[in-house]
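Welcome! Please take a look at the sequence and the 3D structure below, and then we will walk through a few spots together.

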Amino acid sequence: MATKNEERWRENYAQLKAYIEEHHQLPDKKKVENRGLLNWWKYNRRLVKQGKLDTERTALLKALGAMRDSMRASFFIMTLCLLAASCSRRGAVQTDTGKAAAETDTIAVDTALQGRLAAFAGRPRPDGKFAFHVFDLTADKPVYGCNDTTALPAASCIKLLTGIAGLRLLGTAYHYWNGIFARGTVAPDGTLHGDLAFRGGLDPQLTSEDLRPFAQAVRRRGVRRLGGRLLVSLTITEPVKSEEHWFPWDLSFSRYGLLYKGAPGVIRHLKAALRAQGVAVADSQVTLAHIPRGFRCLHVSRRPIDDVVRRMWKNSANTQATAMLYTIGCRLSPDGNPVAAGADYLRSFLRDTLRFTSPSLTIHDGCGLCTHNRLSPAALTALLRYGYRDPSIRPFLERNLAVAGTDGTLARELTSPSTRGKIRAKTGTLSHPYGISSLAGLCQAKNGHALAFAIMDSEMSVLDARVLQRRLCEALTKE
């Protein structure tokens with residue numbers, strides 16, 4: 001029987017193959033989020049040279065290396081052309097990071113903006129807890145803060161942490177994948193004298209209808225009846241459970257993907273999909289088990305992490321954020337509790353990467369349904385700064401945050417001409433047990449500087465909180 005480590009090998013292979021196909025090269029060692037795949041490649045190449053890897057895996061790695069080499073040759077020729085063109089203007093190009101940092105130090109923040117933010121902070125407002133922070137990403141300096149280090153309920157703004165930390169750990173080229181495999185021979189009467197195997201990963205958007213291509217792939221091989229077993233290998237076999245502080249309806253109202261509803265449901269729908277394609281499978285032939293070696297792949301589905309981040313941020317999907325937490329947890333602790341491992345990683349990212357060590361900042365889940373989650377406006381803007389400065393994560397923020405007055409959870413918010421289309425942000429709202437509303441995102445100031453901002457309100461009406469959010473955004477984008 002294959003172990004989870006063996007299945008992880010196949011998953012890493014699929015991810016590296018997808019990365020090479022997309023980027024035409026091995027992962028960049030200078031990017032932290034890519035080092036896991038790159039180290040995996042180097043380790044397995046050493047095993048090949050030492051003759052310690054089996055024939056099947058050696059063949060797969062050699063094929064992957066050949067694909068990389070052919071793409072690298074084309075890339076090398078293109079690079080030579082670009083280098084030749086750039087030599088004539090080398091003297092005009094500045095690449096010294098120290099000089100870049102010095103230039104940033106000379107960039108001033110907008111004092112007029114500071115004045116507007118000070119006026120906003122001093123205006124009368126409804127009773128309740130209120131805090132905000134604005135950071136100039138172009139100047140790399142804080143602009144203004146009011147109670148900005150106060151820990152407050154974050155609601156769905158916690159999804160920014162889940163997404164950015166997940167992208168850093170898993171890599172921006174990460175793909176969720178599922179596959180169906182077979183071994184044995186097909187007799188003239190359509191009987192497969194062998195076994196089928198289905199590998200279900202953590203794709204949070206897989207539905208029962210999505211199983212049809214897997215069943216069709218089996219049928220195209222001429223299989224009408226299964227003679228052996230149907231092995232079902234799932235990363236998680238239990239359905240998603242409510243976090244201890246969630247309200248009872250939080251889980252029941254959520255529409256999780258098939259792979260998060262438990263093994264019995266996956267097996268039931270898989271059998272139905274096969275039978276609908278004319279493949280006879282008896283209930284007694286199905287078993288939960290790891291997939292041993294020797295199977296050939298019939299069909300694989302892949303979903304880029306971008307699809308999950310988009311729903312998580314733009315539409316504030318709790319199911320996608322919880323799935324991201326599971327994915328983080330299973331990567332770090334394949335045999336442990338994925339929720340606990342995922343939450344531990346979010347805490348360590350906040351503490352060790354962003355350097356926010358206050359015990360008042362607490363993380364209980366990845367979606368923000370827990371009212372005990374606490375972040376500060378300063379922590380949220382630091383998180384946005386981290387994502388914005390990472391060239392691989394920044395595009396995720398720019399295309400997947402909701403756009404004011406246009407789409408996602410901001411489609412009907414911030415619709416005035418002064419803010420529509422000018423704010424990209426993550427909303428966070430919980431109306432129980434008392435009003436909690438947050439907004440954190442990016443915009444461009446009048447002077448062309450990119451800004452990160454976060455405003456957090458609690459113990460006040462959500463409607464009142466949104467008025468404060470609108471006023472802040474108007475101050476940020478005022479011409």
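Is N147 buried, partly exposed or exposed? N147 counts as partly exposed because its relative accessibility is 39%; buried means under 20% relative accessible area, exposed over 50%, and partly exposed in between (1.4 Å probe, protein chains only). This is a predicted model, in which local features need pLDDT of at least 70, side-chain atom pairs count only at pLDDT 80 or more, and totals for chains, interfaces and linings use all residues. Residues are numbered from 1 along each chain as its sequence is written, and side-chain values use heavy atoms, with hydrogens and water left out.

**Around N147**
- You will find N147 in the loop between β2 (141-146) and β3 (152-153); strands are DSSP runs of E with at least two residues, numbered from the N terminus.
- Leaving aside neighbours within four places in sequence, N147 is in contact (heavy atoms within 4.5 Å) with F130, A131 and P377.
- S376 is 229 residues from N147 in sequence, yet their C-alpha atoms are 8.7 Å apart in space.

**Aromatic pairs**
- The whole structure holds 10 aromatic pairs, meaning rings of Phe, Tyr and Trp (its six-membered ring) with centres within 6.5 Å; planes under 30 degrees apart count as stacked, over 60 as edge-to-face and the rest as tilted.
- Y174 and Y176 pair edge-to-face, with 5.1 Å centre to centre and 90° between the planes.
- Both Y174 and Y176 are buried.
- F120, F130, F132 and Y144 are linked into a cluster by ring pairs.

**Charges over rings**
- R394 lies over the face of Y388, 3.9 Å from the ring centre; this requires NZ of Lys or CZ of Arg within 6 Å of the ring centre and within 35 degrees of the ring normal.
- The ring of F396 has the charged end of R399 over it, 4.7 Å from the ring's centre.

Notes:
Helix = DSSP H or I, 4+ residues; strand = E, 2+ residues; numbered from the N terminus.
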